[in-house]
Amino acid sequence: MQPFETELEELRSRLRRFPVARYPVQHATCQFHLGTVLLRADRPEDALAALQTAQARFAACGMVLERAKAANMVGVALRTLGRPEEASRIFADAAGDFKRADKPEEEGAALFNLGLVCAQQGDFPAAQSALRRAEALFAASGRPAQAAAAAREHGGVLLQTGDAAAAIDLLSPAVDMAWEGGDSAGAGAAANVLGLACLTAGDHDRAIDAFRQALSAHPRSVRPADYAMAKANLALAHERRGDTAHAVLAAQQALGVPAAAPLVRAQARELLERLPSASGHELFAVLDEEPRHGGRSSYARRSCAGRMLPRRAA
């Protein structure tokens, strides 16, 4: 039996021991935990039912804070199910409840989720407002990794709206904040988006540096798909700077990762098709120049999730 299946069975057993009519609070708490486990198990429909039950029971018991926590998770389930309008209303309500309860970290989490949904819907001003507030709340609560995630997503929204300069101003410190918070995956995601923003702004050197930071945060042995994505983006950055041999090698390295996503493979193949072949001597020379991507110290600190560089115009 898988670990999550064991956990599910234990929670269902507890639900039977705590019928709602006799133990409403314990029953609601079990439903909440059941819903979160089901979300982790990628079963959002079942999770939604459990979390909505928890939300309703907490509300009936007058437990406002617990109801808001359940509501926030209901919103996550709705977003996962592709119901962003319902999710945005739930997140906004939960954020309001957390604010009234003076729970800034929880308010930040709800606003972060709200920002993601608003961006998904194309409501960029609302997304920026929610993510800006979330970052401030996380920072004030001493949560640098979460603050970095909010800044990263905010930077991604700015990049979508065409404001690359403002995106760079947010994303550069976001990389450092993620490292300071111990979130190497978040640092890599922020560095990847920073690279895209720098490339959009025409700063090829800084883009290359950012994508190399992403590689240092995403070792191939730990996060191979993210490593491949950063390599493919690095290949395009080298191409735009006119470094054919570097671009070809990075694209080949991206294709050499079995876990690379289809979009990553397509991007790397397209680059190799439009560039002239590099000689073996050139590739070996470039390979000898490459630093080892073993950690943050491999690159300067100067300066995201699941983002690829837009395809080059013909």
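Analyst: Happy to! Let's begin with a term we will need: a residue is buried when its relative accessible area is under 20%, exposed when it is over 50%, and partly exposed in between. Keep in mind that this is a predicted model.

User: Thanks! What does the protein as a whole consist of, in helices and strands?

Analyst: The protein has 15 helices and 0 strands. Of its 314 residues, 50% are buried. The protein exposes about 14,400 Å², and carbon and sulfur atoms supply 51% of that area.

User: Let's return to Arg 83. Which residue forms a salt bridge with Arg 83?

Analyst: The general idea comes first: side chains of opposite charge can pair when their charged atoms come close. In this structure, Arg 83 pairs with Glu 86, and their closest N and O atoms are 2.8 Å apart. Glu 86 is found in helix α5, which covers residues 84–100.

User: How many salt bridges does the structure hold?

Analyst: The structure holds 13 salt bridges. One of them joins Arg 241 to Asp 205, with 2.7 Å between the closest N and O atoms. Arg 241 sits in helix α12 (residues 224–241) and Asp 205 in helix α11 (residues 204–217), so this pair ties together parts that are 36 residues apart in sequence.

User: Are Arg 241 and Asp 205 buried, partly exposed or exposed?

Analyst: Use the cut-offs from the start. Arg 241 has a relative accessibility of 37%, so Arg 241 counts as partly exposed. Asp 205 has a relative accessible area of 46%, and that makes Asp 205 partly exposed too.

User: Which helices does the salt bridge between Arg 274 and Glu 239 tie together?

Analyst: Start with the pair itself: Arg 274 forms a salt bridge with Glu 239, and the closest N and O atoms are 2.7 Å apart. Arg 274 belongs to helix α14 and Glu 239 to helix α12, so the bridge links parts that are 35 residues apart in sequence. Now check the accessibility of each partner. Arg 274 is partly exposed, at 37%, whereas Glu 239 is buried, at 8%. Salt bridges can also share partners, and in that way Arg 67, Asp 97 and Arg 100 are joined into one network.

User: You mentioned helix α14. How do I read the way α13 and α14 meet?

Analyst: Picture a line running along each helix, then ask how those lines approach and cross. For helix α13 (residues 244–255) and helix α14 (residues 262–274), the axes come within 9 Å and cross at roughly 145 degrees. The crossing of α13 past α14 is left-handed. On the α13 side, the residues in contact are Ala 247, Val 248, Ala 251, Gln 252, Ala 254 and Leu 255. On the α14 side, they are Val 264, Arg 265, Ala 268, Arg 269, Leu 271 and Leu 272. Sorted by class, this contact has 9 nonpolar, 1 polar and 2 charged residues.

User: Is Leu 196 buried or exposed?

Analyst: Leu 196 has a relative accessible area of 4%, so Leu 196 is buried. Its place is in helix α10, residues 184–200. The C-alpha atoms of Leu 196 and Ala 210 are separated by 8.6 Å, and the two residues are 14 apart along the chain.

User: One last topic: what should I look for in the phi angles?

Analyst: Most residues other than glycine have a negative phi. Asp 42 has a positive phi of about 60 degrees although it is not a glycine. Asp 42 lies in the loop between α2 (24–40) and α3 (44–60), and Asp 42 is exposed, with a relative accessible area of 61%.

User: Where does Asp 102 lie?

Analyst: Asp 102 lies in the loop between α5 and α6 (104–121). Its phi is positive as well, near 60 degrees. At 63% relative accessible area, Asp 102 is exposed.

Technical notes. Residues are numbered from 1 along each chain as its sequence is written. This is a predicted model: local features need pLDDT of at least 70, side-chain atom pairs count only at pLDDT 80 or more; totals for chains, interfaces and linings use all residues. Side-chain values use heavy atoms; hydrogens and water are left out. Axes are lines fitted to C-alpha atoms, for helices over the stretch in contact, and angles run from 0 to 180 degrees between N-to-C directions. Helices (H or I, at least four residues) and strands (E, at least two) are DSSP runs, numbered from the N terminus. A crossing is left-handed if the near helix is turned anticlockwise from the far one by less than a right angle, and right-handed if clockwise. Contact means heavy atoms within 4.5 Å. Ala, Val, Leu, Ile, Met, Phe, Trp, Tyr, Cys and Pro count as nonpolar, Asp, Glu, Lys and Arg as charged, and the others, Gly among them, as polar. A salt bridge is a side-chain nitrogen of Lys or Arg within 4 Å of a carboxyl oxygen of Asp or Glu. Buried means under 20% relative accessible area, exposed over 50%, partly exposed in between (1.4 Å probe, protein chains only). Accessible areas come from the Shrake-Rupley method with a 1.4 Å probe; for residues, only the protein chains shown count as cover.
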